[in-house]
Amino acid sequence: MKVAILDDWFDTLRTLECFEKLAGHEVTVFADHAQDTDVLAERLAAFDALVLIRERTEIRTPLLERLPKLRLISQRSAYPHIDIDTCTRLGVTVCSDLHAASPSYAAAELTWALVLAAMRHIPQQVASLKAGDWQAGVGSSLIGKTLGIYGYGRIGKVMAGYGAAFGMNVLVWARPESLERARADGLRTAESKESFFETCDVLSLHMRLVPATRGIVSGDDLRRMKPTALLVNTSRAGLIEQGALVASLQAGRPGTAAVDVFEEEPVRDPTHPLLNMDNVVCTPHIGYVTREEWEMQFSEIFDQINAYAAGKPINVVNPEALAA
């Protein structure tokens with residue numbers, strides 16, 4: 001099969017051990033980012049299969065209808081960036097392992113790094129030292145504070161363990177079935193969404209972005225937070241009502257934020273409001289970007305390609321496409 005890998009910005013996949021799984025295919029790696037439909041249609045016209053790195057490129061109907069040879073999209077995790085119904089209509093099989101039993105420890109580690117960086121003002125302290133100054137203010141400790149976990153899934157559960165290890169009081173808010181799991185794990189759950197946002201000193205979001213969760217955190221929710229509180233989002237920017245985070249930070253509630261995700265990515269504009277707030281720590285969507293995480297993820301993605309080529313596709317999102 002002719003396979004195109006999109007958005008491998010540092011040409012990393014060829015250096016992974018699992019890349020050998022594609023030895024029987026003709027593979028082209030694109031190290032830049034393109035979203036323009038005309039550019040992508042010309043670039044990808046000859047390929048049978050696409051490998052996507054999460055949601056870096058949206059695969060929408062106008063593009064799909066201009067890729068007559070495309071038969072397979074192989075990726076991992078959720079797929080809000082792919083028009084699945086159009087893929088089905090055109091006979092394009094989408095394979096994606098949702099890894100329900102395997103948390104992304106890389107994402108959890110990055111989340112905790114952001115918590116520590118924001119609470120101890122590490123970026124500001126480093127900048128002060130490099131500028132020839134010494135200490136730049138006073139940070140805050142975590143012990144005894146309340147860690148709120150919004151969404152108790154795989155990563156949320158790992159985060160609860162980190163919080164407990166640092167002596168924090170862990171509080172969970174989530175769907176009813178997730179709240180039951182949290183209680184079964186011995187964790188305290190909030191009485192209401194309102195009290196959850198009012199109580200937490202550190203509040204971290206851990207949900208998939210699906211239609212039901214888009215904008216699930218409103219401006220009113222954020223304005224309930226303490227002026228000393230920290231909001232952390234390493235999941236998806238769309239979980240927060242558009243524009244609400246910037247407005248709430250400007251209003252002083254919450255007092256601080258740490259984000260790894262943005263409403264539009266990649267962010268290339270240094271004037272982006274979140275990048276220019278002293279009370280915000282930002283990273284460029286690197287939660288899942290470690291060699292170890294990629295080795296695991298792309299081993300499965302490449303397995304999906306080989307299974308499809310062998311006539312035994314796995315992790316199929318739209319089985320109707322196989323009949324088409």
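I began with a rule: a charge sits over a ring if NZ of Lys or CZ of Arg is within 6 Å of the ring centre and within 35 degrees of the ring normal. Applying this, I found Lys2 over the face of Phe47, at 5.6 Å from the ring centre, and I found the charged end of Arg56 over the ring of Trp9, 3.8 Å from its centre.

I noted that this is a predicted model, in which local features need pLDDT of at least 70 and side-chain atom pairs count only at pLDDT 80 or more, while totals for chains, interfaces and linings use all residues. I also noted that residues are numbered from 1 along each chain as its sequence is written, and that side-chain values use heavy atoms, with hydrogens and water left out.

Next I looked up the aromatic rings. Rings of Phe, Tyr and Trp (for Trp, its six-membered ring) pair if their centres lie within 6.5 Å, and planes under 30 degrees apart count as stacked, over 60 as edge-to-face and the rest as tilted. By this rule I have nine aromatic pairs. One of them joins Tyr150 and Phe196, which I call edge-to-face because the ring centres are 5.8 Å apart and the planes stand at 70°. This pair links distant parts of the chain, since Tyr150 belongs to strand 6 (residues 146–150) and Phe196 to helix 8 (residues 193–199), 46 residues apart. For these elements I used DSSP runs, numbered from the N terminus, with helices (H or I) of at least four residues and strands (E) of at least two.

I then followed Tyr150 to Phe197, and this aromatic pair is also edge-to-face, with 6.0 Å centre to centre and 80° between the planes. Tyr150 lies in strand 6 and Phe197 in helix 8, so the pair ties together parts that are 47 residues apart in sequence.

Are these residues buried or exposed? Buried means under 20% relative accessible area, exposed over 50%, and partly exposed in between (1.4 Å probe, protein chains only). Tyr150 is buried at 4%, Phe196 is buried at 0%, and Phe197 is buried at 0%.

Elsewhere, I saw ring pairs link Phe19, Trp294, Phe298 and Phe302 into a cluster.

Last, I looked at Ser96, which lies in strand 5 (residues 93–97) and is buried, with a relative accessible area of 5%. Its side chain makes a polar contact of 3.0 Å with the side chain of Gln75, and the side chain of Ser96 reaches the backbone oxygen of Ser77 at 2.5 Å. A polar contact is a pair of N or O atoms within 3.5 Å; within protein, one must be able to donate a hydrogen and the other to accept it, and residues adjacent in sequence count only if both atoms are side-chain atoms.
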